Amino acid sequence: MKVAAQIFVGLVAVEHLYILWLEMFAWTTRGRKTFRSFPPELFEPTKSLAANQGLYNGFLAAGLVWSLLIQDPIWQVYVACFFLGCVIVAGVFGSLTAQRSIFFIQAVPALIALACTLLSRG
C-alpha cells in the first residue's frame, strides 16, 4: 500500500505542476482551450491573477514532492497528509465557488492519495 500511496501522491504533485504551468505560463494560450466557459476577453486582464493561483499550486506540488523525499516514515505521512488536505480543501472550495468539476479533477485524486497514505501506515 505504501507504493500505491506514493504513486498517488506523486500523481497529485504532477497534476499541480501542470496547473502551475497552465496558470503561470500558458493562461492566454492553452488556458483558453482548457477553461472554455471563461469569457475569452478576460484572459489577458486576469493573467497576473492566474499566475498568482499557479504559484500557489506550485507550493502544493513542492510540499507533496517534499513528502516523498522524507526518510522518516512518520513525518513522511504527516507532511503528505497536510499537503493533501490543503489540496482537498482547495478542490472543495473551487467546486463550490468556481466550477463543480474541480472537485473531481482536484479533490478526488487527493482524497484517494490521502486514503492510501493513511492505510499505508499499517
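The model is predicted, so local features need pLDDT of at least 70, side-chain atom pairs count only at pLDDT 80 or more, and totals for chains, interfaces and linings use all residues. Residues are numbered from 1 along each chain as its sequence is written, and side-chain values use heavy atoms, with hydrogens and water left out.

**Helix 1 and helix 4**
- The axes (lines fitted to C-alpha atoms over the stretch in contact) of helix 1 (residues 2–25) and helix 4 (residues 73–97) come within 12 Å and cross at roughly 40°.
- Lys2, Gln6, Val9, Val12 and His16 of helix 1 make the contact with Gln76, Leu84 and Val87 of helix 4, where contact means heavy atoms within 4.5 Å.

**His16**
- His16 sits in helix 1 and is buried, with a relative accessible area of 0%; buried means under 20% with a 1.4 Å probe, protein chains only.
- Neighbours within four places in sequence aside, His16 touches Asn57, Leu60, Ala61, Val87 and Gln106.

**Helix 3**
- Helix 3 (residues 47–69) has 23 residues and reaches 33 Å from its first C-alpha to its last, close to the expected 33 Å at 1.5 Å a residue; that expected span is 1.5 Å times one less than the number of residues.
- Among the buried residues of helix 3 are Asn57, Leu60 and Ala61.
- Helix 1, helix 4 and helix 5 (101–119) are included in what covers the buried residues of helix 3.

How values were computed. Axes fitted to C-alpha atoms, helices over the stretch in contact; angles between N-to-C directions. Helix = DSSP H or I, 4+ residues; strand = E, 2+ residues; numbered from the N terminus. Buried < 20%, exposed > 50% of the residue type's maximum accessible area, 1.4 Å probe, protein only.
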